[in-house]
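Please look over the structure shown below, with attention to its strands, its aromatic rings and its surface.

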Amino acid sequence: MKTAYPRAKIWIKLGPFRDALDVIRIAAEEGADAVVIDGKEGGTGMAPTAAMKDLGYPTLAALKFMRRARAEGYKISLLIGGRLYDGGHVVKSLALGASSTYMARPFLIAALARGEKGVENYIESLKVEIQMLTSALGKYDVGEISSEDVASLDKDVTAMLGIPYVYS
């Protein structure tokens with residue numbers, strides 16, 4: 001496709017399944033532009049409830065795959081979604097290797113509650129929250145956030161992501 005349509009952007013979308021790291025590797029090696037991973041807690045709106053409830057790994061597992069891909073040196077864009085709804089989720093995801101995050105349900109809720117103004121308010125609050133958290137980390141740009149900016153209260157998460165344990 002890149003040969004026939006050199007300006008086309010290739011994005012691969014998947015869940016955080018057992019082979020997600022292999023998919024990231026192959027996508028990067030074959031020249032894809034991005035890999036998008038929906039955590040189990042997310043959903044496309046077309047997914048049956050049983051799929052969202054019982055299939056796949058949680059969003060945190062997707063971050064594990066992204067973190068490993070970054071450790072292996074893959075520079076491909078990695079996007080994550082799945083029950084992300086506040087600035088803390090965005091900042092943590094970026095610190096753990098995501099290039100970006102995406103969300104839908106919070107925007108739908110804001111739109112249902114207050115229409116266009118609700119969406120505008122939500123975007124502004126998300127922006128301010130991300131700026132405050134970035135600043136609290138002593139950083140001046142969200143692009144400076146890295147794994148040194150996160151730690152875990154859970155020893156299993158510490159081991160899975162290779163980040164510091166708060167109480168050690």
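Which residue in S4 is the bridge partner of Leu79?

## Basis of the model

This is a predicted model, in which local features need pLDDT of at least 70 and side-chain atom pairs count only at pLDDT 80 or more, while totals for chains, interfaces and linings use all residues. Residues are numbered from 1 along each chain as its sequence is written, and side-chain values use heavy atoms, with hydrogens and water left out.

## The sheet

The bridge partner of Leu79 in S4 is Ser100. Strand S3 (residues 77-81) and S4 run parallel and are joined by two bridges; two strands pair if DSSP finds at least two bridges between them, and strands are DSSP runs (E, at least two residues), whereas helices are runs of H or I with at least four, both numbered from the N terminus.

Four strands make up an open sheet with parallel pairing, in the order S1-S2-S3-S4. At its edges are strand S1 (11-14) and strand S4 (100-101), each of which pairs on one side only.

## Aromatic pairs

Two aromatic pairs are found in a search of the whole structure, where rings of Phe, Tyr and Trp (its six-membered ring) pair if their centres lie within 6.5 Å, with planes under 30 degrees apart counted as stacked, over 60 as edge-to-face and the rest as tilted. Phe107 and Tyr122 form an edge-to-face pair, at 5.0 Å centre to centre and 85° between the planes. The rings of Tyr165 and Tyr167 are also edge-to-face, because their centres are 5.7 Å apart and their planes are at 75°.

Tyr167 is in the segment after helix H6 (155-161).
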